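Okay, hi everyone, thanks for coming.

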Amino acid sequence: MRKSTEILDAFSPQDALEGRDAFFLVGIGGAGMSALARMLAHRGHRVIGTDLSESPETAKLREEGFPVRIGHVAEGLTERHALIVSDAIDLEESPEVAEARQLGCPIVRRSQALGWLLKSRRVVAVTGTHGKTTTTGLISAGLRAAGLDPLIVVGAQVPTFGSPVVEGEGETAVVEACEAYESYRDLDPFIAVLTNLELDHVDFHGDFATLKASVARFVARLPEEGCLVYCQEDPGAKEIAEGFSGRKVPYGVDFPGPIALPGRHNLLNASAARAVARELGADLARAEEGIREFTGAERRLQVLEDGPIAVVDDYAHHPSEIRASLSALRERYPNRRLVVAYQPHLYSRTQGLIPEFAEALSLADVVALTDIYPAREAPLPGVSSARIAERIEGEVLYVPSRHLLPREIARLARPGDVVVGMGAGTISEFAPGFIEELRRAERADKPRIFVAYGGDNAEREVSLHSGRAVFAALGRLGYPAELGDVTELLLGQGSLARFTGPNRPDLVFLAVHGPNAEDGGIQGMLELLHMPYTGSGVLASALAMDKRRAKEALARAGIRVPQGGYFESIEALAAHPEPWRYPLVVKPNAQGSTVGLSFVDREEELLPALRRALRYDRGALVEERLEGMEISVPTLGERALPVIEIVPQSGRYDFAAKYLPGATEEIVPARLPEPLLREAERLAVASHRALGCEGASRTDMIVSGETISVLEVNTLPGLTGTSLLPNSAQAAGLSFDALVEWIVRDALKRRSAQGASTP
């Protein structure tokens with residue numbers, strides 16, 4: 001934020017701009033700075049500029065021929081330039097300011113440059129805590145209708161004018177004059193309009209007494225022939241007027257007839273505009289007509305859509321403004337539910353007004369609060385939107401990320417609602433985003449599905465086959481689907497944009513296997529994106545992939561598992577005190593079921609087997625090798641599918657036997673007595689529950705005589721042509737396509753029930 005000491009000491013005097021014809025604007029993409037750029041160019045000056053990031057405004061400036069660089073760099077700055085900075089720029093951190101100081105260039109604030117450009121005009125300067133933009137627009141509309149053709153500088157886009165700056169040729173300039181950082185000190189007003197005055201911008205002024213003193217100094221700049229137009233209904237404005245010795249013109253709600261803008265506060269603004277028109281000797285009847293027809297500025301109760309759900313965008317960011325805006329909306333939309341998405345602006349403003357914000361927002365029927373927009377401030381301890389939320393009377397949601405507001409409000413909105421995005425920060429993105437969410441819901445016949453496959457582990461190739469098979473099935477089922485390699489997205493393109501915004505998929509179908517895929521890694525990423533996905537959640541996925549901890553959880557549930565040990569090095573194995581009883585199985589602790597697997601029959605095979613396993617993971621399991629029939633039992637939720645008997649031609653179910661076509665015979669149902677088949681099915685469901693699995697899972701077991709031991713649980717079973725789950729489903733009467741359909745519907749149903757942001 002700009003400091004008062006900087007304003008006094010860090011900038012060149014305004015007259016240092018005299019004779020300059022080249023200007024370098026730092027923060028050129030801001031509303032006020034882009035307006036200044038156009039004003040300078042209109043007068044024949046050369047203008048270049050920089051901004052921190054790309055925006056619609058910087059793109060528009062480039063289209064108009066302005067050289068704009070993204071990123072704060074001093075390239076192009078010469079000793080011929082005057083440097084103009086917005087109040088958002090930190091002077092000590094700016095490379096442009098450092099270079100300007102080195103070159104000896106004048107350095108001025110935007111307000112200084114604006115005041116310099118307005119020297120030849122009679123300036124009507126509109127200030128006050130609330131209503132500056134609308135009142136500036138109303139005055140300008142009235143004077144234009146009366147034929148005075150004023151130069152207009154407003155702090156927002158005005159659809160009626162086509163721009164926040166209108167280069168009128170008349171002798172009058174109507175300018176929004178902000179009190180925030182005393183930018184009005186650089187103007188020479190002929191008429192000052194004071195709409196109201198309350199404590200605000202405490203980050204700069206500190207207290208109300210300091211703010212009043214600042215406004216009083218500004219009003220004192222009026223010439224003898226000028227005047228102060230003030231709202232006599234507002235105590236703060238009235239107090240300033242009482243201390244002013246010059247000519248004063250009070251106004252109240254005295255505008256004749258209705259106006260286009262709703263709310264009593266806008267009737268006051270219209271009355272101020274009428275008073276200014278009268279003071280300037282304008283044709284009052286024509287001016288009043290222009291004032292009546294003025295439809296407002298962008299984000300000032302701006303109706304973006306007026307259908308079954310009305311969508312409004314509003315700049316209110318102070319309790320008084322919120323009350324006025326909500327009262328106006330009640331007037332415009334009587335007997336309709338009012339849903340407000342509000343973003344507080346500045347920690348310093350919020351800190352002292354938490355009860356007042358809650359009281360004002362309680363005028364709405366439903367309030368969704370998101371985190372504070374900090375602007376130039378660092379967070380203050382104990383200052384949070386949550387503290388406002390807990391005081392609001394009525395229905396309230398706390399949505400910490402503003403990016404989630406459009407979809408969260410779309411979930412609860414219903415025909416007849418009036419939905420309002422309110423605040424002075426990035427909440428301006430809400431209303432357009434909410435409209436996109438409504439349109440997304442309207443055009444959705446079937447959920448759009450992103451099939452994630454690939455990965456960066458030893459089961460990548462298997463995943464490629466699973467992904468292609470699922471993608472083909474979704475196409476046959478009529479789902480709009482897309483196939484994407486998650487590793488390419490993350491490590492290649494480095495972008496997750498595919499999973500955000502109104503064109504995001506409705507569901508991610510996880511056709512991935514192994515570490516960083518089946519272990520909760522991708523699931524965690526999707527949780528952060530609030531993106532529904534198939535299969536188990538983060539905890540169950542991580543637990544099932546960690547074979548050691550999975551065995552511990554299964555054992556606690558009374559399920560028999562193989563006995564053995566966990567080792568992270570050859571040395572740890574050598575220190576094992578008990579002799580091993582062969583045969584054994586050695587496998588990585590957190591890999592797919594057959595990756596790095598070794599069958600050990602003799603002592604001399606043990607160390608090489610452990611070395612092999614540790615190539616794939618930092619830890620490995622050495623377990624008793626149970627002899628008997630290998631079986632696998634898939635589950636769909638709480639339903640066990642037919643038991644599969646696994647008969648590898650080699651006698652051992654390793655990676656090749658598992659995935660090479662014809663390498664293993666799979667017999668469904670397994671050739672077991674009926675009681676053992678039912679017990680295997682029971683154990684599959686019990687294992688699914690013990691690890692907290694969801695959706696489809698597959699439990700691998702071994703049957704030794706009358707005893708069944710669980711080897712491991714797979715949370716994302718393979719879906720290739722040789723995979724066990726599809727084969728078991730087929731035996732149960734579920735085709736591959738029907739199986740894919742079940743997985744999709746199950747995931748959408750579960751995520752919706754859990755409150756995830758689904759269509």
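Let's start with a sheet. It is an open one of seven strands, in the order β8-β7-β9-β6-β10-β11-β12, and the pairing is mixed. A quick word on terms: helices (H or I, at least four residues) and strands (E, at least two) are DSSP runs, numbered from the N terminus, and two strands pair if DSSP finds at least two bridges between them. In general, strands of a sheet pair through backbone hydrogen bonds, either parallel or antiparallel.

Before I go on, a bit of housekeeping. This is a predicted model, so local features need pLDDT of at least 70 and side-chain atom pairs count only at pLDDT 80 or more, while totals for chains, interfaces and linings use all residues. Residues are numbered from 1 along each chain as its sequence is written, and side-chain values use heavy atoms, with hydrogens and water left out.

Contact here means heavy atoms within 4.5 Å. Helix α8 (residues 208-219) lies across β6, β10 and β11, at about 145 degrees to β10.

Next, the insides. A nonpolar core is a set of buried Ala, Val, Leu, Ile, Met, Phe, Trp, Tyr and Cys residues joined through side-chain atoms within 4.5 Å. Buried means under 20% relative accessible area, exposed over 50%, and partly exposed in between (1.4 Å probe, protein chains only). The largest core has 46 residues, and Leu25, Leu40, Ile84, Leu118 and Leu228 touch the most other members. Helix α2 (residues 31-42) gives the most to this core, with six residues. Apart from it lies another core, of 38 residues, including Ile152 and Phe294.

On to the rings. How many aromatic pairs does the structure hold? Eight. Rings of Phe, Tyr and Trp (its six-membered ring) pair if their centres lie within 6.5 Å; planes under 30 degrees apart count as stacked, over 60 as edge-to-face and the rest as tilted. Phenylalanine 161 and phenylalanine 294 have ring centres 5.9 Å apart and planes at 35 degrees, so they make a tilted pair. Phenylalanine 161 lies in the loop between β7 and β8 and phenylalanine 294 in the loop between α11 and β13, so the pair ties together parts 133 residues apart in sequence. Phenylalanine 161 is buried at 11%, and phenylalanine 294 is buried at 2%.

Last stop, the backbone. Most residues other than glycine have a negative phi, and most peptide bonds are trans. Arginine 299, though, has a positive phi near 70 degrees, and histidine 530 has one of about 55 degrees. Is each of them buried or partly exposed? Arginine 299 is buried, at 9%, whereas histidine 530 is partly exposed, at 35%. And a cis peptide bond joins tyrosine 582 and proline 583, with omega about 10 degrees.

Notes. Axes are lines fitted to C-alpha atoms, for helices over the stretch in contact, and angles run from 0 to 180 degrees between N-to-C directions.
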